[in-house]
Amino acid sequence: MVNNSAIRTNIIGGSEVGAISVDMDQRSIHETNSLFWNTNGNDVLGGTALPFYGAYVSEDSCQLFGDVSGKKMLEIGCGSGQSLQYVGERQASELWGIDLSESQLEKTRQHLEACGLSATLICSPMEEECGLPTNYFDCVYSVYAIGWTTDLEGTFRRIASYLVEGGVFIFSWSHPIHKCVTADNDSLVFKKSYFDESWYSVTLGESTLSLSDRKLSTYANALARAGFVIEQMIEESDEALMMQSSDREFADKARMLPVSFVIKARKL
């Protein structure tokens, strides 16, 4: 990737960080992000897993999955395996996972084995053909992973192909408004344009990652073009979870604007 502009501001987690605009080169981005998650990605960003969809949003209150017993489930970006454990313990008939990082998949294997569960795991970018069966899964879901894709529309088309007719796709990601706004004393201040979807690189400690912040309309339109209809979108933070938070500043921000979003869509 070639840097094409000076340092700019972005919001990662709850913090304002310096970010460098980069050209969108799929191979370089995959290499950068794979290395990030193969080394210390979890230590830097932590992990989000069911029943939580992100900061202050949970399946316990949203109830998007319903009864998963007997269903074939595929997770996009399965991380360390906790979300697969969640649906596996609710009697899903088959567990499948895909992740860019072999290190993450090994963590998933070990975690599920310790829980008495097993899954079919595939190491591949979500954008690429990887041998997953088509017209097979009842539900595909992704918890804070879809935003890493370099090809949103292509990824959604692939996910649609994996699902049976009427199958459900549920995913969460950091809300794009949250990625633009930071706390400044007693005010919330825009630090970047909501409409800026260019790719950028961020260095956190010794780790580097590459991301793009897409508009909500970009997700909605890509879903429609892939043959999905949106059934539900959640932006609100759960007050009970905010009350339990040890990060009062971040919780106060979440009361003013969304920090995560979740979409439930169905294949037509």
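Me: Let's start with strands S5 and S8. How many bridges join S5 to S8, and do they run parallel or antiparallel?
Reply: There are 3 bridges between S5 and S8, and the two strands run parallel. Keep in mind that this is a predicted model.

Me: Which residue is the bridge partner of Glu75 in S8?
Reply: The partner of Glu75 there is Tyr141.

Me: And what is the strand order in the open sheet?
Reply: The order is S7-S6-S5-S8-S9-S15-S14, which makes 7 strands with mixed pairing. At the edges sit strand S7 (120–123) and strand S14 (228–234), each of which pairs on one side only. On average, neighbouring strands of this sheet are turned by 15° against each other, ignoring direction.

Me: Which strands does helix H5 lie across?
Reply: Helix H5, residues 102–114, lies across strand S6 (94–99) and S7, and runs at about 170° to S7.

Me: What about H7, which strands does that one lie across?
Reply: H7 lies across strand S9 (163–174), S14 and strand S15 (260–267). Its angle to S14 is about 150°.

Me: Back to Tyr141. How is its ring placed relative to the ring of Phe65, and how many aromatic pairs are there in total?
Reply: The count comes to 18 aromatic pairs. For Phe65 and Tyr141, the ring centres are 5.5 Å apart and the planes are at 80°, so this pair is edge-to-face.

Me: Where do Phe65 and Tyr141 lie along the chain?
Reply: Phe65 is in the loop between helix H3 (59–62) and strand S5 (72–76), while Tyr141 is in strand S8 (residues 137–143). The pair therefore ties together parts that are 76 residues apart in sequence.

Me: Are Phe65 and Tyr141 buried or exposed?
Reply: Both Phe65 and Tyr141 are buried.

Me: What kind of pair do Phe169 and Phe171 make?
Reply: A stacked one, because their planes are at 25°, with ring centres 5.0 Å apart. Phe169 is buried at 0% relative accessibility, and Phe171 is buried with a relative accessible area of 0%. Both residues belong to one aromatic cluster, formed by Phe156, Phe169, Phe171, Tyr219, Phe228 and Phe261.

Me: Which residue lies over the face of Tyr136?
Reply: That's Lys72, at 4.0 Å from the ring centre. In another place, Arg90 lies over the face of Tyr86, at 3.6 Å from the ring centre.

Me: New topic: how many salt bridges does a search of the whole structure find?
Reply: The search finds 12 salt bridges. As background, side chains of opposite charge can pair when their charged atoms come close.

Me: What does Glu153 form a salt bridge with?
Reply: With Arg225, where the closest N and O atoms are 2.7 Å apart. Glu153 lies in helix H6 (residues 152–162) and Arg225 in helix H7 (residues 216–225), so the pair ties together parts 72 residues apart in sequence. Glu153 is partly exposed, at 28% relative accessible area, whereas Arg225 counts as exposed at 56%.

Me: And how far apart are the closest N and O atoms of Lys192 and Asp213?
Reply: They are 3.6 Å apart, and the two residues form a salt bridge. Lys192 counts as buried at 11% relative accessibility, and Asp213 is buried too, with a relative accessible area of 4%.

Me: Which side chain meets Arg255 in a salt bridge?
Reply: The side chain of Glu239 does, at 3.1 Å from N to O. Arg255 is in helix H9 (residues 248–256) and Glu239 in helix H8 (residues 239–244), and they are 16 residues apart.

Me: Which residues are linked in a network of salt bridges?
Reply: Glu102, Glu106 and Arg109 are linked that way.

Me: Last one: in what sense do strand S10 and S11 pair?
Reply: Strand S10 (residues 181–184) pairs with S11 in the antiparallel sense, over 4 bridges. In S11, Phe190 is the bridge partner of Val181. The hairpin of S10 and S11 has 2 residues between the strands, and Asn185 takes a positive phi near 60° in this hairpin.

Key:
Residues are numbered from 1 along each chain as its sequence is written. This is a predicted model: local features need pLDDT of at least 70, side-chain atom pairs count only at pLDDT 80 or more; totals for chains, interfaces and linings use all residues. Side-chain values use heavy atoms; hydrogens and water are left out. Rings of Phe, Tyr and Trp (its six-membered ring) pair if their centres lie within 6.5 Å; planes under 30 degrees apart count as stacked, over 60 as edge-to-face and the rest as tilted. Buried means under 20% relative accessible area, exposed over 50%, partly exposed in between (1.4 Å probe, protein chains only). A charge sits over a ring if NZ of Lys or CZ of Arg is within 6 Å of the ring centre and within 35 degrees of the ring normal. A salt bridge is a side-chain nitrogen of Lys or Arg within 4 Å of a carboxyl oxygen of Asp or Glu. Two strands pair if DSSP finds at least two bridges between them. Axes are lines fitted to C-alpha atoms, for helices over the stretch in contact, and angles run from 0 to 180 degrees between N-to-C directions. Contact means heavy atoms within 4.5 Å.
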